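Morning, everyone. Please have a look at the structure on the screen. Then I'll walk you through it.

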Amino acid sequence: MTTALAPRPDAGTTHGARVRLEGVTRTFGRGRDARPALAVLDVDVAPGELVVLVGPSGCGKSTALNLVAGFLEPTRGRVLVDDVPVRGPGVDRGVVFQQPRLFPWLTVRDNVALGPRLAGAGRRERTELAQATLELVGLPDAGDRRPWELSGGMQQRAAIARALVGRPRVLLMDEPFAALDALTRERLQEELLHLWATTGTTVLFVTHSVDEAAFLGTRALVFSASPGRVVVDHRLRDVPAPGADDARDRDRDDPATAAHREVLRTAVRGSAA
Ligand SMILES: Nc1ncnc2c1ncn2[C@@H]1O[C@H](COP(=O)(O)OP(=O)(O)OP(=O)(O)O)[C@@H](O)[C@H]1O
Ligand SMILES: [Mg+2]
């Protein structure tokens with residue numbers, strides 16, 4: 001049986017959504033306690049892009065992601081996913097946080113299967129979906145284990161599987177690799193590029209690392225200090241053709257990536273001033 005939730009890891013077709021923030025502001029608190037977190041955001045993300053958000057702490061990067069996820073509502077403006085205003089969280093948008101946030105009392109497979117379960121998928125269907133997605137993230141044998149039996153990197157892979165199980169058209173990642181050791185982090189960056197190229201999903205990725213931003217992105221949005229707005233919109237590289245997997249040949253040390261890194265470093269320093 002196939003459902004809207006079924007992952008098609010081998011589909012190779014672009015199915016990422018367009019994401020737009022139009023005149024979006026967000027203020028927390030009211031009256032005299034009101035504090036603007038986002039000055040104003042006007043961003044148009046093309047389907048299949050991998051856009052990195054960088055900027056000083058507290059500038060509103062997580063707030064921007066939470067608005068697209070539907071966890072927060074804008075104070076002003078609109079957030080649109082494929083021309084449809086966001087009205088709350090949905091399976092079309094997968095979210096990965098800095099910490100894996102897996103339920104310790106569920107197996108890894110049941111953690112991944114939770115979204116399909118809440119969406120009404122039967123046991124067999126959701127188990128198959130979860131297993132296929134665990135294979136997609138390189139955890140074919142981890143399904144029966146508990147999260148706490150996995151390494152940090154494996155737990156974060158499981159969290160990525162949980163976000164991907166609904167075959168989201170947008171993947172929202174908030175510093176997903178920041179808590180990992182350097183080697184695991186590099187490996188997961190490469191795996192993310194592979195997953196992204198395979199699924200064609202649009203990715204919004206928050207990071208504090210300009211190295212990570214320059215290596216991963218098609219485009220970088222550098223935020224000003226709080227209240228945040230985009231001060232630099234820097235193109236990094238093209239979106240790969242559907243089905244092409246350029247992740248394998250991407251080189252951290254190539255001169256173009258190094259040059260992007262310097263542009264971003266300068267922009268981030270300037271924005272924090
Ligand atoms: N739910 C909330 N209630 C009140 N204030 C909030 C809330 N969420 C965020 N803020 C405030 O909004 C501002 C932006 O926060 P946000 O978490 O988006 O920043 P960030 O860029 O993700 O920072 P960091 O890099 O440290 O993660 C901060 O001043 C923060 O205190
Ligand atoms: Mg944040």
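What do the buried residues of α2 pack against? They pack against two helices, α3 (123–136) and α4 (152–164). Keep in mind that this is a predicted model. Helix α2 itself covers residues 108–118. Its buried residues include V108, V112 and P116. Here is the helix rule to remember. An α-helix has 3.6 residues a turn, so residues three or four places apart point the same way. Just after α2 comes G120, with a positive phi of about 95 degrees.

Now the open sheet. Six strands build it, in the order β6-β7-β8-β3-β9-β10, and the pairing is mixed. β6 (93–96) and β10 (230–235) are the edge strands, each pairing on one side only. From one strand to the next, the twist averages 15 degrees. Look at β3 (residues 50–54) and β8 (residues 202–206): they run parallel, joined by four bridges. In that pair, V51 has L204 as its bridge partner. Helix α1 packs on the sheet and touches β3, β6, β7, β8 and β9. Helix α4 packs on the sheet too, touching β6 and β7.

Next, a hairpin. β1 (residues 19–28) and β2 (residues 35–45) pair in the antiparallel sense over seven bridges. Six residues lie between them, and G29 in the turn has a positive phi of about 80 degrees.

Last, the ligand. Which helix gives the most to the shell around ligand 1? That is α1 (residues 61–69), with three residues. Among the residues surrounding ligand 1 are F28, G60, K61 and S226. By class, the shell has three nonpolar, six polar and one charged residues.

Methods: Residues are numbered from 1 along each chain as its sequence is written. Chains are lettered from A and ligands numbered from 1 in the order in which they are written. This is a predicted model: local features need pLDDT of at least 70, side-chain atom pairs count only at pLDDT 80 or more; totals for chains, interfaces and linings use all residues. A residue is near a molecule or strand if its C-beta atom, placed from the backbone, lies within 6 Å of it. Ala, Val, Leu, Ile, Met, Phe, Trp, Tyr, Cys and Pro count as nonpolar, Asp, Glu, Lys and Arg as charged, and the others, Gly among them, as polar. A residue is buried if 20 or more other C-beta atoms lie within 10 Å of its own, exposed if 12 or fewer, and partly exposed in between; C-beta atoms are placed from the backbone. Two residues are in contact if their C-beta atoms, placed from the backbone, lie within 7 Å. Two strands pair if DSSP finds at least two bridges between them. Axes are lines fitted to C-alpha atoms, for helices over the stretch in contact, and angles run from 0 to 180 degrees between N-to-C directions.
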